Number of protein chains: 4
Amino acid sequence: MAGHLIDESAKGVFIIAATPFDLEGKLDLASLDRLVGFYIEAGVHGITILGMMGEAQKLTFDEQKRVIDRVLKQVAGEIPVVVGVSAPGLAALGALADEAMSEGAAGVMIAPPPGLSTDEQIEGYVRQAVDSVGYDVPVVLQDYPQATGVHLSVPLFNQLVDALPQIKVLKHEDCPGLTKISRIRKTAARDGKRRIAILVGNGGLYFPLELARSADGAMTGFAFPELLVEVYARFNDGDVDEAFDLFDDYLPLIRYEQQPGIGLAIRKQILYRRGIIACPTLRAPGPKLDQDDLAELDLLLRRVRERGGAATQW
Amino acid sequence: MAGHLIDESAKGVFIIAATPFDLEGKLDLASLDRLVGFYIEAGVHGITILGMMGEAQKLTFDEQKRVIDRVLKQVAGEIPVVVGVSAPGLAALGALADEAMSEGAAGVMIAPPPGLSTDEQIEGYVRQAVDSVGYDVPVVLQDYPQATGVHLSVPLFNQLVDALPQIKVLKHEDCPGLTKISRIRKTAARDGKRRIAILVGNGGLYFPLELARSADGAMTGFAFPELLVEVYARFNDGDVDEAFDLFDDYLPLIRYEQQPGIGLAIRKQILYRRGIIACPTLRAPGPKLDQDDLAELDLLLRRVRERGGAATQW
Amino acid sequence: MAGHLIDESAKGVFIIAATPFDLEGKLDLASLDRLVGFYIEAGVHGITILGMMGEAQKLTFDEQKRVIDRVLKQVAGEIPVVVGVSAPGLAALGALADEAMSEGAAGVMIAPPPGLSTDEQIEGYVRQAVDSVGYDVPVVLQDYPQATGVHLSVPLFNQLVDALPQIKVLKHEDCPGLTKISRIRKTAARDGKRRIAILVGNGGLYFPLELARSADGAMTGFAFPELLVEVYARFNDGDVDEAFDLFDDYLPLIRYEQQPGIGLAIRKQILYRRGIIACPTLRAPGPKLDQDDLAELDLLLRRVRERGGAATQW
Amino acid sequence: MAGHLIDESAKGVFIIAATPFDLEGKLDLASLDRLVGFYIEAGVHGITILGMMGEAQKLTFDEQKRVIDRVLKQVAGEIPVVVGVSAPGLAALGALADEAMSEGAAGVMIAPPPGLSTDEQIEGYVRQAVDSVGYDVPVVLQDYPQATGVHLSVPLFNQLVDALPQIKVLKHEDCPGLTKISRIRKTAARDGKRRIAILVGNGGLYFPLELARSADGAMTGFAFPELLVEVYARFNDGDVDEAFDLFDDYLPLIRYEQQPGIGLAIRKQILYRRGIIACPTLRAPGPKLDQDDLAELDLLLRRVRERGGAATQW
């Protein structure tokens with residue numbers, strides 16, 4: 001299995017998987033199968049499950065294990081699967097990481113929890129958390145201050161990279177964050193540090209700009225993963241302006257899906273309209289779209305279809 | 001069992017139970033037994049388990065069930081047991097409430113989670129949460145903005161009391177909060193509303209003042225529950241100045257235990273020194289006391305013993 | 001002057017004016033003159049000065065008076081000028097409002113300050129603040145929770161509209177906020193309330209969607225005000241798809257300028273490149289753009305020019 | 001005047017001065033005179049004006065200058081006066097510092113403002129702010145995360161001490177904060193750093209414990225400054241238990257005055273009852289005490305008088 005572990009060379013589009021539920025809020029594993037198949041068909045380079053946008057915190061430990069088991073069986077090693085293991089207690093975090101890795105995950109994702117304020121507190125937590133998952137488990141460090149209130153500075157990130165070889169990937173979604181990418185690259189080059197993979201989030205809102213800043217890809221959950229894949233491919237082929245053109249056609253929708261609080265409901269609604277998941281609902285408590293929202297989404301989808309390319313032929 | 005359910009007449013000292021762990025962080029049920037025995041012997045009028053100070057969020061669902069089962073068996077109906085059921089998802093919240101009530105709990109406690117800002121959002125959440133536990137389950141509504149960031153105004157609380165007959169008790173720990181108690185009482189009297197039981201928290205830092213404001217008791221976790229019980233008894237007997245005198249002797253320690261962030265570590269250390277729990281540690285991640293802290297605690301305990309009464313004869 | 005006061009019929013684009021400083025951080029009134037001239041030439045329907053994006057909090061009272069005086073003299077009643085008067089103390093707020101109105105302002109803008117949590121607290125503050133400016137002064141209520149931490153619910157807003165006839169305009173920048181606009185319109189229509197003007201912020205990130213939700217215009221500060229004016233005009237003429245098309249061409253730039261923390265530095269840099277202000281710097285402490293940022297902005301401006309229309313011919 | 005500048009040997013009780021207003025909210029300079037006289041008579045070792053508890057942010061620049069002028073004239077060099085100069089813009093901060101120092105202040109106090117998250121951001125701000133006041137001006141760095149949301153770690157504080165010789169005093173009010181004092185002392189001793197004066201805040205809630213942790217005194221605003229002076233004196237004379245005894249007699253009142261949000265209203269009410277200020281009100285917007293609050297304060301004051309010593313003979 002070691003060959004499947006992610007490392008600093010991770011790149012491309014790691015899609016953040018939604019977790020489908022039925023109308024009663026139960027796990028819908030058939031939809032999960034379709035969703036995973038859809039992601040693979042879209043050409044993603046990896047899948048991340050049980051992230052915040054996978055409503056991981058609303059699943060019991062048993063449900064989390066069922067999701068891990070189901071996704072890993074279906075992916076069957078074709079592409080790497082990263083498992084979010086954030087939990088209030090480190091024992092639970094470690095147990096979930098064990099479960100994930102024993103099922104064949106390529107690594108785990110950890111977000112420092114709310115309540116950490118100083119660099120010293122964040123460093124202390126990340127060290128403990130990384131210890132909890134074991135020394136041979138690749139770690140994706142999630143930097144998402146809008147959700148966690150935890151702010152990771154470049155000097156602190158560099159310290160963590162030096163101290164903790166398990167950290168392989170930065171899931172970058174600080175905002176503003178473009179300069180942060182450049183600073184990480186420059187300080188690492190200047191000081192001869194490991195070059196960590198940077199995969200960007202924020203629904204891809206700044207994706208081609210971030211690639212130009214030398215990010216290695218995206219780890220996010222836009223409902224048109226084929227668009228992210230295509231932008232990444234064109235950018236990597238050197239067709240930078242084409243990558244931007246393609247991206248800009250979808251930007252009205254990306255911006256719409258990236259609205260805080262309601263974004264996941266929009267994303268699931270699109271996945272539902274595309275016939276991938278059987279039911280667009282989130283687990284309670286969660287936002288719901290109303291008729292005005294749905295009409296608005298119709299408008300935006302129509303406009304993207306009229307302006308955009310192959311990715312919207314559904 | 002219906003006779004054991006709490007209602008608006010709840011009063012006295014409902015102690016918030018710590019959850020004991022062994023050195024490896026595993027549940028220590030033998031210590032839990034001793035702790036429950038100690039609380040009962042101290043004369044508490046009720047016990048609340050799986051609150052924030054019970055590190056509930058660091059327990060798995062299975063561990064939570066084991067704690068519920070163990071405590072309810074030992075208490076055996078002698079005094080009411082309230083079970084904290086807060087959880088990120090309402091399904092989990094409801095499942096834990098079912099478990100608790102089927103084992104003989106007297107009610108459940110719910111704290112609105114972080115992220116609710118407006119009165120409308122808070123009202124929406126509390127309605128959903130109360131629905132999730134079922135119409136015949138008494139609810140303690142926890143008002144603890146310092147921990148949750150959720151602020152419950154008096155007009156909103158009154159609305160909730162009118163709309164949701166299951167709400168029987170307000171666990172009050174807003175700060176400043178003395179005027180809030182008076183306003184709740186006055187508006188309820190003026191408008192002929194139900195008189196809800198108010199049990200105060202904040203480690204008891206304002207306990208006799210709150211009793212004078214017509215609170216009905218405390219629901220908090222000071223490591224000398226016998227002191228809270230005695231203050232309550234004297235106050236209720238009309239010996240108000242004696243109640244204050246007794247309380248003031250312990251105030252240096254109450255203030256010390258009430259420090260945010262480190263308070264539970266101090267509380268568990270005292271329970272450990274008193275021979276009640278076998279190990280004073282919190283589950284990781286959590287604060288630890290150092291030698292200076294322990295010496296400081298020695299000083300404070302010595303001083304309380306020298307100034308104080310019967311409660312410190314351990 | 002009464003004819004110049006704004007009321008519930010306010011509409012169109014009220015540009016939030018930047019405040020130009022020279023390299024030493026001193027007020028640059030010559031640049032301010034050019035900026036006001038530029039805004040008027042761009043066809044804006046109103047100007048708002050001394051908002052957060054005008055760095056009002058970094059100006060002394062004397063400087064604020066000089067800005068008011070200068071802008072109002074130059075505008076000379078051609079279009080309405082709204083003056084931001086938010087201040088920690090209500091006396092200062094009232095004094096600034098007096099100054100503004102006596103100079104010929106069309107109204108004042110007030111944002112509830114950080115620290116207000118419940119509906120009751122917000123209502124109490126807004127009532128006091130509106131009282132402080134006097135009963136005949138039109139008020140723009142700014143709803144900007146990302147900056148203030150104050151969340152204004154629709155029921156509370158409706159209450160304020162009923163209670164305070166001075167409130168004429170909602171500067172709407174809650175996010176997500178599309179549904180909020182619809183709810184305000186629907187509840188007002190259902191209950192026969194006054195129809196308040198809604199002007200949207202957030203740098204215009206959702207502008208045509210908000211117009212479709214029945215917003216009346218924008219009050220925001222994008223560095224291409226002519227684009228906002230043109231989108232508004234086409235939308236109002238019924239050319240909805242054209243309005244969207246035009247907007248979408250600029251969306252990559254709007255999204256870029258709307259980055260929190262650094263957005264104003266980008267905006268001022270664009271105004272500087274367009275030859276309008278003599279110096280792009282903010283008052284300290286404030287963010288600065290580096291070479292990578294400037295190159296990135298070049299790219300985005302070039303792309304907008306290549307795709308876009310008349311507004312970028314500078 | 002150089003002899004009056006504070007340095008690392010600062011110690012004792014620096015009282016945070018309230019700013020008295022009349023019923024209309026105007027500066028009441030006669031009351032300010034009495035207040036300063038009272039503080040000096042109480043034996044304080046220094047006075048700090050224009051702090052948060054002096055409602056500095058609600059004063060105009062002119063009013064701030066008047067307060068500085070009045071207090072410094074009256075104190076006439078008898079004891080050092082520190083002036084709070086925090087302001088949203090660094091130019092204003094620098095101008096206020098110039099004003100203060102030219103009038104004979106002994107130093108200035110700076111609190112990093114809300115919005116600074118990482119160690120790097122805080123360091124950047126403090127360096128800029130200290131630069132703004134000039135290289136020969138002694139600086140008190142205020143560490144008050146409950147009010148500012150800015151968290152200063154011990155490693156960062158040590159870095160600042162090394163980098164900025166102007167920092168002479170830490171106004172310490174982090175909470176929990178006892179261990180922080182010990183860590184600062186230990187790391188400074190271990191690494192041969194400058195020993196900075198530490199004066200504690202939080203209304204004195206942990207004062208003797210902090211002295212035992214090697215704080216050098218208090219910089220806070222309890223309405224019985226003579227108590228703080230006496231506790232400090234006894235502690236310094238080696239009468240540690242007496243210092244604690246005296247403190248504990250006042251602790252019920254200290255705890256009461258230290259309630260967030262309403263504390264300053266209580267403090268001013270006590271100063272008013274003691275005949276020192278003519279009017280107990282705060283500038284709007286601000287909390288007001290009601291009849292229940294006043295009766296409660298009566299009770300607490302009576303109890304302190306009955307239990308306490310000389311300081312309450314007013």
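Predicted model: local features only at pLDDT ≥ 70, side-chain atom pairs only at ≥ 80, totals over all residues.
Turn chain B by 180°, with a shift of 0.0 Å along the axis, and chain B can be laid on chain A with an RMSD of 0.0 Å. Now colour the contact residues of chain B: 100% of them recur in chain A, and the same surface serves both copies.

Next, bring in chain C and compare it with chain A. A rotation of 180° superposes chain A on chain C, again with 0.0 Å of shift along the axis and an RMSD of 0.0 Å. These two copies are thus related as by a two-fold rotation axis. Which surface do they use to meet? Of the interface residues of chain A, 100% are also interface residues in chain C, so the copies meet through the same surface.

**Stop 1: two helices in chain A**

Select residues 29-41 of chain A, which form helix α1, and residues 61-75 of chain A, which form helix α2. At what angle do they pack? The angle is about 45°, and the axes are 10 Å apart. That makes α1(A) oblique to α2(A), and their crossing is right-handed. Show the side chains where they touch: from α1(A) come L29(A), A30(A), L32(A), D33(A), V36(A), G37(A) and I40(A). Facing them in α2(A) you will find R66(A), V67(A), R70(A), V71(A), Q74(A) and V75(A).

**Stop 2: a pair within chain C**

Move to chain C and select helix α10 (residues 240-257) together with helix α12 (residues 291-307). Their axes come within 8 Å and cross at roughly 160°. That makes α10(C) roughly antiparallel to α12(C). The crossing of α10(C) and α12(C) is left-handed. On the α10(C) side, pick out D249(C), Y250(C), P252(C), L253(C), R255(C) and Y256(C). They meet D293(C), E296(C), L297(C), L300(C), L301(C), V304(C) and R307(C) in α12(C).

**Stop 3**

Now look at helix α10 (residues 240-257) in chain B and helix α12 (residues 291-307) in chain D. Here the axes come within 12 Å and cross at roughly 70°. That makes α10(B) roughly perpendicular to α12(D), and α10(B) passes α12(D) in a right-handed crossing. To see the contact, select D241(B), F244(B), D245(B), D248(B) and D249(B) on α10(B). Their partners on α12(D) are L299(D), R302(D), R303(D) and R307(D).

**Stop 4: R303(A)**

Zoom in on R303(A), which sits in helix α12 (residues 291-307) of chain A. Is R303(A) buried or exposed? R303(A) has 4% relative accessibility and so counts as buried. Which residue does its side chain join in a polar contact of 2.9 Å? The partner is the side chain of D248(C). Leaving aside neighbours within four places in sequence, R303(A) is in contact with D241(C), F244(C), D245(C) and D248(C).

**Stop 5: S182(C)**

Go on to helix α7 (residues 178-191) of chain C and pick S182(C). S182(C) is buried, with a relative accessible area of 8%. Not counting residues up to four places away in sequence, S182(C) touches D292(A) and R213(C). With R213(C), there is also a polar contact of 2.9 Å between the side chains. For a sense of distance, draw a line from S182(C) to D249(C): their C-alpha atoms are separated by 26 Å, and the residues are 67 apart along the chain.

**Stop 6: Y125(C)**

Still in chain C, select Y125(C) in helix α4 (residues 119-133). Y125(C) is buried, with a relative accessible area of 4%. What does Y125(C) touch, not counting residues up to four places away in sequence? The contacts are A87(C), L90(C), L93(C), I110(C), A111(C), P112(C), P113(C), L116(C) and P285(D). P113(C) is twelve residues from Y125(C) along the chain, and their C-alpha atoms are separated by 8.7 Å.

**Last stop: T148(B)**

Finish in chain B, where T148(B) belongs to helix α5 (residues 145-148). With 10% relative accessibility, T148(B) counts as buried. A polar atom of the T148(B) side chain lies 3.1 Å from the backbone nitrogen of V150(B). Beyond residues up to four places away in sequence, T148(B) touches M52(B), P112(B), P113(B) and P114(B).

Technical notes:
Residues numbered from 1 in each chain as written. Chains lettered and ligands numbered in written order. Heavy atoms only, no water. Least-squares fit on C-alpha atoms with pLDDT ≥ 70 in both. Contact = heavy atoms within 4.5 Å. Helix = DSSP H or I, 4+ residues; strand = E, 2+ residues; numbered from the N terminus. Buried < 20%, exposed > 50% of the residue type's maximum accessible area, 1.4 Å probe, protein only. Polar contact = N/O pair within 3.5 Å; in protein donor to acceptor, adjacent residues only side chain to side chain. Axes fitted to C-alpha atoms, helices over the stretch in contact; angles between N-to-C directions. Parallel < 35°, antiparallel > 145°, perpendicular 65-115°, else oblique. Left-handed = near helix turned anticlockwise from the far one by under 90°.
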